[in-house]
Amino acid sequence: MAATARQSSLVLPAHPNDLDRKRIERALKSRKRYRYVEPTVSPVDEGYHVQSPCCSRNIDKDGGVIDVALLRHDPAKTMWKLFWRDHAQGIWELHSVHQRLTAAVDELNADPERIFWQ
């Protein structure tokens, strides 16, 4: 049949997507630290970048927007990698690996060692 649809070899990545970005934004409202600032969640390759104004002035003395976390999806292993920003070195460091996005966001929200929300 001439009108048969062919399978596309193009496979779109599952992440980032606007639905999960909004879920992360909503979940961040229940974080333990710096609840009075409004973080932003931006799409990046295979994940999401979390930034927030620096209220503590520990990282930015002027209270500017700083990197908080990077959530990256590994499609081959179907897992989430949660990174924190080493501001002194200017690099992202792997913090933990999770099977589900919600578990990674829960870890980011709890932040008992003040690694993310500095």
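A polar contact here is a pair of N or O atoms within 3.5 Å; within protein, one must be able to donate a hydrogen and the other to accept it, and residues adjacent in sequence count only if both atoms are side-chain atoms. Keep that in mind for the first stop.

Before you click, two notes. This is a predicted model, where local features need pLDDT of at least 70 and side-chain atom pairs count only at pLDDT 80 or more, while totals for chains, interfaces and linings use all residues. Residues are numbered from 1 along each chain as its sequence is written, and side-chain values use heavy atoms, with hydrogens and water left out.

**Stop 1: Ser-30**

Select Ser-30, in the loop between helix H1 (18-27) and strand E1 (40-44). Helices (H or I, at least four residues) and strands (E, at least two) are DSSP runs, numbered from the N terminus. Ser-30 is exposed, at 53% relative accessible area; the scale is buried under 20%, exposed over 50%, partly exposed in between (1.4 Å probe, protein chains only). Now show its side chain: a polar atom there lies 2.9 Å from the backbone oxygen of Ala-27. That side chain also makes a polar contact with the side chain of Asn-109, at 3.4 Å.

**Stop 2**

Next, colour the strands. You'll see 5 of them in an open sheet, ordered E1-E2-E3-E4-E5, with antiparallel pairing; two strands pair if DSSP finds at least two bridges between them. E1 and E5 are the edge strands with a single partner each, so one side of each has no neighbour in the sheet. From one strand to the next, the twist averages 25°; axes are lines fitted to C-alpha atoms, for helices over the stretch in contact, and angles run from 0 to 180 degrees between N-to-C directions. Bring H1 back into view: this helix packs on the sheet, touching E1, E2 and E3, and its direction makes about 150° with that of E1.

Zoom in on E4 (residues 79-86) and E5 (residues 91-98), an antiparallel pair with 7 bridges. Which residue in E5 is the bridge partner of Trp-80? Pick His-98. Further along, Arg-85 stands opposite Trp-92. The two strands form a hairpin with 4 residues between them, and Gly-90 in the turn has a positive phi of about 75°.

**Stop 3: the core**

Look inside for the largest nonpolar core, which has 19 residues; those with the most contacts in it include Ile-24, Leu-108 and Trp-117. Such a core is a set of buried Ala, Val, Leu, Ile, Met, Phe, Trp, Tyr and Cys residues joined through side-chain atoms within 4.5 Å. Helix H2 gives the most to this core, with 4 residues. Select Trp-117: leaving aside neighbours within four places in sequence, its contacts (heavy atoms within 4.5 Å) include Leu-28, Arg-31, Val-50 and Asp-111.

**Stop 4: charged pairs**

The whole structure has 7 salt bridges, meaning a side-chain nitrogen of Lys or Arg within 4 Å of a carboxyl oxygen of Asp or Glu. Start with Lys-81 and Asp-74, whose closest N and O atoms are 3.7 Å apart. Is Asp-74 buried or exposed? At 16% relative accessibility, Asp-74 counts as buried, while Lys-81, at 26%, is partly exposed. Finish in H1, where Asp-18 and Arg-21 sit 3 residues apart, about one turn of the helix. Their salt bridge has closest N and O atoms 2.7 Å apart; Arg-21 is buried at 17% and Asp-18 partly exposed at 49%.
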